[in-house]
Number of protein chains: 2
Amino acid sequence: LTCAELSNGSITPAVGASNSGCESSKESSRSSTPVLDTDRTDRLRDKMRRRTESGDHWFSLEFFPPRTASGAVNLISRFDRMGSGGPLFIDVTWHPAGDPGSDKETSSMMIASTAVNYCGLESILHLTCCNQTKEKITGYLSKAKRLGLKNIMALRGDPMGADWEEEEAGFNYATDLVKHIRCEFDDYFDICVAGYPTGHPEAESYDEDLRHLKEKVDAGADFIITQLFFRADTFLKFVRDCRAIGITCPILPGIFPIQGYQSLRQLVKLSKLEVPEEIMQVIEPIKDNDAAIRNYGIEQAVGMCRVLLESGEVPGLHFYTLNREVATMEVLRQLGLWIEDPRRTLPWAVSAHPKRKVEDVRPIFWASRPKSYIYRTQDWDDFPNGRWGNSSSPAFGELNDYYLFYLKSKSSKDALLKMWGEELTSEQSVYEVFTSYITAQPNVAGHKVMCLPWNDDPLAPETNLLKDELDKVNRRGVLTINSQPSINGKPSSDPIVGWGPPGGYVFQKAYLEFFTSSENVTALLKVLKKYEPRVNYHIVNVHGQNTTNAHDMQPNAVTWGIFPGREIVQPTVVDPVSFLYWKDEAFALWIEQWAKLYEDESPSRMIIKYIHDNYFLVNLVDNDFPLDNCLWQVIDDMFELLDNPPEEQPAEQTAEQPNDEQSDKEQPGK
Amino acid sequence: LTCAELSNGSITPAVGASNSGCESSKESSRSSTPVLDTDRTDRLRDKMRRRTESGDHWFSLEFFPPRTASGAVNLISRFDRMGSGGPLFIDVTWHPAGDPGSDKETSSMMIASTAVNYCGLESILHLTCCNQTKEKITGYLSKAKRLGLKNIMALRGDPMGADWEEEEAGFNYATDLVKHIRCEFDDYFDICVAGYPTGHPEAESYDEDLRHLKEKVDAGADFIITQLFFRADTFLKFVRDCRAIGITCPILPGIFPIQGYQSLRQLVKLSKLEVPEEIMQVIEPIKDNDAAIRNYGIEQAVGMCRVLLESGEVPGLHFYTLNREVATMEVLRQLGLWIEDPRRTLPWAVSAHPKRKVEDVRPIFWASRPKSYIYRTQDWDDFPNGRWGNSSSPAFGELNDYYLFYLKSKSSKDALLKMWGEELTSEQSVYEVFTSYITAQPNVAGHKVMCLPWNDDPLAPETNLLKDELDKVNRRGVLTINSQPSINGKPSSDPIVGWGPPGGYVFQKAYLEFFTSSENVTALLKVLKKYEPRVNYHIVNVHGQNTTNAHDMQPNAVTWGIFPGREIVQPTVVDPVSFLYWKDEAFALWIEQWAKLYEDESPSRMIIKYIHDNYFLVNLVDNDFPLDNCLWQVIDDMFELLDNPPEEQPAEQTAEQPNDEQSDKEQPGK
């Protein structure tokens with residue numbers, strides 16, 4: 001019945017659902033995160049409306065799925081880089097020939113899911129319906145919903161084969177798909193449809209095509225993205241014509257910066273568009289000069305976009321990126337739309353999955369490996385909100401095979417060997433790799449160390465503040481993998497350590513995490529007695545042998561923020577329970593990423609294996625955040641104790657605790 | 001079957017239950033409060049064990065239920081005063097003749113419940129069993145459990161009437177009651193039993209009585225409190241004899257500081273004890289000099305307690321207070337056991353109800369009326385932990401009849417009239433009452449104003465810091481009822497503003513809450529525009545007309561603390577939802593406590609009624625806690641605007657917003 005009503009063009013039920021949805025989300029906002037509520041709870045169409053109302057122009061980016069697994073790794077890195085410019089959303093095209101709904105790393109479905117879940121990008125998944133059964137389509141939509149996708153671009157798609165005919169009960173038009181989505185999923189998805197500024201190539205006429213577009217919108221579509229075009233006037237006329245027949249939803253122009261002669265020809269052929277004479281006249285003479293064409297493409301796109309934005313008819317620009325960065329980013333920079341906003345919502349990247357929207361606490365351990373953290377917690381029913389201790393699902397996913405996709409380095413084996421050493425001769429040569437990474441100086445072989453197994457990227461600006469101290473301790477085998485300085489109330493707008501809404505203050509306790517030998521740990525434990533209760537520590541080896549002076553269940557908040565009119569947010573904690581899950585991962589990375597670069601039984605592999613088997617993973621927190629960070633002093637004291645061990649008593653000496661304590665007492669007399 | 005096993009003296013099942021209980025409480029400690037976990041989750045016997053192990057002597061206090069409702073109000077005040085000295089627990093005797101298990105304000109049950117729930121005191125409820133059916137006893141115990149009581153003193157009680165005989169199936173001895181409690185309630189209750197250092201008066205012999213005591217302990221009692229005695233040796237011999245026959249649980253000496261000749265004689269008669277000759281020789285000559293006897297009683301008790309504590313056999317002292325304060329407090333002070341610890345667990349008094357133990361967030365509005373807050377939230381299923389927003393039960397109890405018990409002032413009508421004015425002549429005379437209260441100066445009639453309807457006690461030390469500013473604004477009709485200064489990271493041990501475990505830092509946003517006229521509010525709203533978004537406000541009148549610049553659901557944390565090895569605690573919030581519940585109470589107090597002092601239709605009553613009907617309740621938060629509190633400047637600006645209104649434009653003037661804004665703009669040009 002509801003379906004029948006919808007088929008009649010009435011979307012009242014869906015609108016009703018939307019209203020009640022809003023109310024319940026308002027109700028539940030009492031338990032949602034205090035930071036940036038609206039941004040996190042709004043759906044795409046609401047974000048668009050708010051940006052349109054405020055006159056704040058936005059942009060969005062279209063990508064197609066990659067062909068290979070390593071192409072997927074590269075595309076995800078591109079998502080992160082292009083995500084930093086602040087797109088309102090990205091969309092991922094649907095490739096019917098490429099098993100688009102499968103679990104393959106390269107499928108449209110998985111790429112869109114990765115963008116949402118791991119890159120935190122609001123994403124639209126394309127979906128084409130022709131030659132598909134309703135069951136199949138419903139299956140895709142259910143899967144998309146399950147994966148946290150909230151937006152669908154509903155398309156007819158190109159009929160495959162010459163013998164295609166309209167089917168009575170099937171999907172013949174995108175309108176059928178829009179109706180089907182509203183019928184089966186009510187108001188869950190935001191729906192986008194395609195507009196053709198020069199009319200669809202198969203439409204009887206431009207007017208006939210406009211009527212089809214009106215039908216799609218009436219069936220429940222929320223906004224329109226247009227096919228590419230080459231003249232601003234083409235689009236502006238199209239918008240006027242749409243408005244004239246009663247289409248009121250947002251219409252986003254599809255911008256195609258020309259990036260090369262071949263790709264332009266191919267796209268024009270596929271989309272059955274004509275390139276205007278004035279453009280061909282410029283391009284033909286320079287068709288073999290890629291750089292010249294790209295520069296022209298940028299100039300042409302910037303000019304057209306300026307006209308569009310100044311028209312007042314265009315709230316945002318949609319870019320056909322062809323999976324490339326340079327041209328689109330340059331156009332956006334010139335338009336002033338590319339804003340690498342240093343302000344972060346939280347100190348770590350927020351996932352865009354609707355289930356995770358309340359999440360505002362995470363353990364510090366995965367700070368450099370946020371995607372791994374998201375993967376390992378993907379099965380949680382609830383995400384901690386307010387306090388980590390409130391989490392009722394502390395179980396972390398296993399380090400299984402699929403996970404190895406994320407255990408993989410983005411660099412090739414060759415590049416890794418250059419950075420981390422073709423041949424290791426001693427533990428010292430491992431220390432040197434860490435030092436090279438921290439100082440950004442070339443290693444003995446002359447190569448810069450751009451990453452470590454625990455850090456995919458060069459040192460963060462915040463960590464860079466600690467560079468000198470880190471350098472000093474890594475040289476001596478305190479192999480640091482994570483650290484943060486103490487912060488006593490810096491403005492939330494601080495470009496390096498700030499996060500959260502304006503007008504607030506952020507705080508941190510100093511943190512240091514490192515691998516080190518058991519000899520060092522023995523000295524460290526003696527030294528740490530002098531720092532009770534100021535310093536909390538957890539020390540564990542690969543076998544799980546665990547020493548701590550902290551409560552065995554109680555997390556320690558190490559990053560927090562105070563904001564106007566909000567409750568306090570404490571997004572990063574040192575949690576004793578999850579540290580033991582992190583320990584498995586941190587130790588596994590020695591073997592999976594580093595040791596396996598070398599031949600089995602080779603000395604190099606044996607050295608990494610030795611460290612893996614014998615070193616301890618240590619974390620230290622300096623609780624006294626208003627004072628100067630004392631953790632460097634702790635490490636200095638440890639080295640001092642190792643360099644100048646207290647005089648040993650020849651008689652009655654054992655390795656036991658009482659004697660250790662006695663040694664301790666003698667220390668001041670040294 | 002379990003009962004049969006228990007009757008055989010085996011308490012294994014109960015111990016088993018205890019173990020599994022411990023494990024689950026450890027499990028759930030992840031979600032419990034980060035402040036002082038053990039103190040809040042431990043049961044009484046565990047607290048005793050920890051104090052005993054640490055050699056930290058404690059004391060406890062015994063009270064009997066009052067006869068009248070006003071006696072109950074006084075006793076509850078006494079609980080608060082004597083609770084501030086840090087008793088490990090209090091106990092409330094069971095008066096079989098006084099309807100002890102009823103809902104009357106004076107019943108043993110309700111007094112013990114009030115001590116636990118409203119005064120936050122660990123409490124033991126006495127229970128006597130003779131002449132009672134099992135059903136009746138089970139009913140009492142179920143009720144005690146429902147009210148949050150966790151500890152029972154199991155007693156036989158005195159047989160009533162001469163014809164009492166042992167009943168086969170009934171309760172003949174305290175042992176039967178102990179078994180019954182363990183049988184019906186497993187390990188839920190901690191059970192205390194009575195010991196008789198000179199033997200129970202009805203026992204066949206001292207040894208026979210010791211054997212009875214052993215039976216009570218074997219049946220499941222956790223510790224022993226003794227009958228009073230007059231010589232330390234009596235008690236120490238008793239302990240040795242108990243240990244000799246295998247009684248291993250704690251044995252607490254019952255201390256009776258002699259407070260008067262009559263009360264001593266009465267008690268001795270009831271308990272069938274003999275007063276030693278050396279004491280009678282001192283007392284008889286001074287029996288008509290109460291002060292002398294009390295001084296002697298204090299000296300005698302202090303001397304005996306010193307011997308007991310030095311023996312090493314006594315972990316804590318139990319005092320028979322006779323519901324009086326002076327003598328017991330003086331003994332405790334001389335022993336160094338009375339410790340008015342300025343350190344608070346949280347900024348507000350914590351209830352001892354087991355269900356509320358996770359509670360660590362409250363709205364600031366009830367800061368001066370914590371018992372009212374507890375009463376109005378007593379039906380909540382969950383208490384907010386970590387974040388106020390997590391509370392799923394925001395409904396507050398009604399201001400109903402029973403509640404009026406707490407709406408009542410502790411002072412008499414006469415005293416109130418002296419403080420608040422026999423006759424009011426204007427709103428100004430109301431302002432003067434507020435000013436007298438704040439400055440602690442006598443009012444026009446020469447009486448000190450010790451309380452206001454919203455503040456039962458004189459100004460808190462913290463509020464006293466704001467005295468000069470408060471004085472100034474109250475004079476002009478900004479009638480303040482709640483305020484706190486801003487605090488930017490003071491040590492948690494700070495004697496005035498500190499709370500929570502040592503080594504931490506506490507913070508506050510400045511807060512000010514007051515009643516004021518609608519004229520003032522109109523000016524205030526104009527002024528507040530200049531303080532966006534630094535200052536959040538909520539302004540409401542008795543009819544619920546509500547204005548705010550804050551999120552309508554989002555609470556604002558105004559007190560928080562950072563501690564070593566813990567998550568952050570934010571115990572006080574300004575919550576927009578509960579503010580509307582508080583508003584009802586705050587306005588009702590004008591009428592219930594103040595207006596009703598005067599004749600119906602009298603001018604005095606009409607003045608209070610006018611304020612009630614026309615004034616607004618305003619709260620202000622200065623979010624910028626590291627800067628100097630700007631709220632006084634806000635009020636100054638308001639007065640400035642009232643004193644020097646902007647020049648009015650004769651033409652086109654309306655009362656509407658646009659014009660208001662224009663007036664605002666003119667202000668700088670004044």
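User: Where in chain A does Asn323(A) lie?

Analyst: This is a predicted model, to start with. Asn323(A) sits in the loop between strand S8 (316-320) and helix H14 (326-335) of chain A. Its phi is near 60°, a positive value in a residue other than glycine.

User: Why does Asn323(A) count as buried?

Analyst: Buried means under 20% relative accessible area. Asn323(A) has 11% relative accessibility, so it counts as buried.

User: And what makes Glu601(B) count as exposed?

Analyst: The cut-off there is over 50%. Glu601(B) comes out at 62% relative accessibility, so exposed is the label. Glu601(B) also has a positive phi, about 70°, although it is not a glycine. You'll find Glu601(B) in the loop between helix H22 (576-594) and helix H23 (603-614) of chain B.

User: What lies 3.1 Å from a polar atom of the Ser102(B) side chain?

Analyst: That's the backbone oxygen of Asp99(B). A polar contact needs N or O atoms within 3.5 Å, and this pair is 3.1 Å apart.

User: How do you know that the length of helix H10 of chain A agrees with what it should span?

Analyst: The expected span is 1.5 Å times one less than the number of residues. H10(A) covers residues 232-244, so its 13 residues should span 18 Å, and the end C-alpha atoms are 18 Å apart, which agrees.

User: Which residues of H10(A) are buried, and what do they pack against?

Analyst: The buried ones are Ala232(A), Phe235(A), Leu236(A), Phe238(A), Val239(A), Asp241(A) and Cys242(A). An α-helix has 3.6 residues a turn, so residues three or four places apart point the same way. The buried residues of H10(A) pack against elements including strand S5 (190-195), helix H9 (206-218) and helix H13 (290-310) of chain A. After the helix comes Gly246(A), with a positive phi near 95°.

User: Why are S9(B) and S11(B) said to stand at the edges?

Analyst: The open sheet of 5 strands in chain B has the order S9-S17-S16-S12-S11, with mixed pairing. Strand S9 (362-363) and strand S11 (487-491) each have a single partner strand, so one side of each is left without a neighbour in the sheet.

User: What makes S9(B) and S17(B) a pair?

Analyst: Two strands pair if there are at least two bridges between them. S9(B) and S17(B) share 2 bridges, in the parallel sense. In one of them, Arg362(B) has Thr572(B) in S17(B) as its bridge partner.

User: Why is Leu479(A) called buried?

Analyst: Its relative accessible area is 0%, and the cut-off is under 20%, so buried it is. Leu479(A) is found in strand S10 (residues 479-484) of chain A. Its contacts, neighbours within four places aside, include Phe434(A), Phe515(A) and Trp590(A).

User: Which residues have the most contacts inside the largest nonpolar core?

Analyst: They are Trp454(A), Trp590(A), Trp594(A), Trp454(B), Trp590(B) and Trp594(B), in a core of 168 residues. Among the residues that Trp454(A) touches, not counting those up to four places away in sequence, are Phe434(A), Phe515(A), Trp590(A) and Trp594(A).

How values were computed
Residues numbered from 1 in each chain as written. Chains lettered and ligands numbered in written order. Predicted model: local features only at pLDDT ≥ 70, side-chain atom pairs only at ≥ 80, totals over all residues. Heavy atoms only, no water. Core = buried A, V, L, I, M, F, W, Y, C linked by side-chain atoms within 4.5 Å. Buried < 20%, exposed > 50% of the residue type's maximum accessible area, 1.4 Å probe, protein only. Contact = heavy atoms within 4.5 Å. Polar contact = N/O pair within 3.5 Å; in protein donor to acceptor, adjacent residues only side chain to side chain. Helix = DSSP H or I, 4+ residues; strand = E, 2+ residues; numbered from the N terminus.
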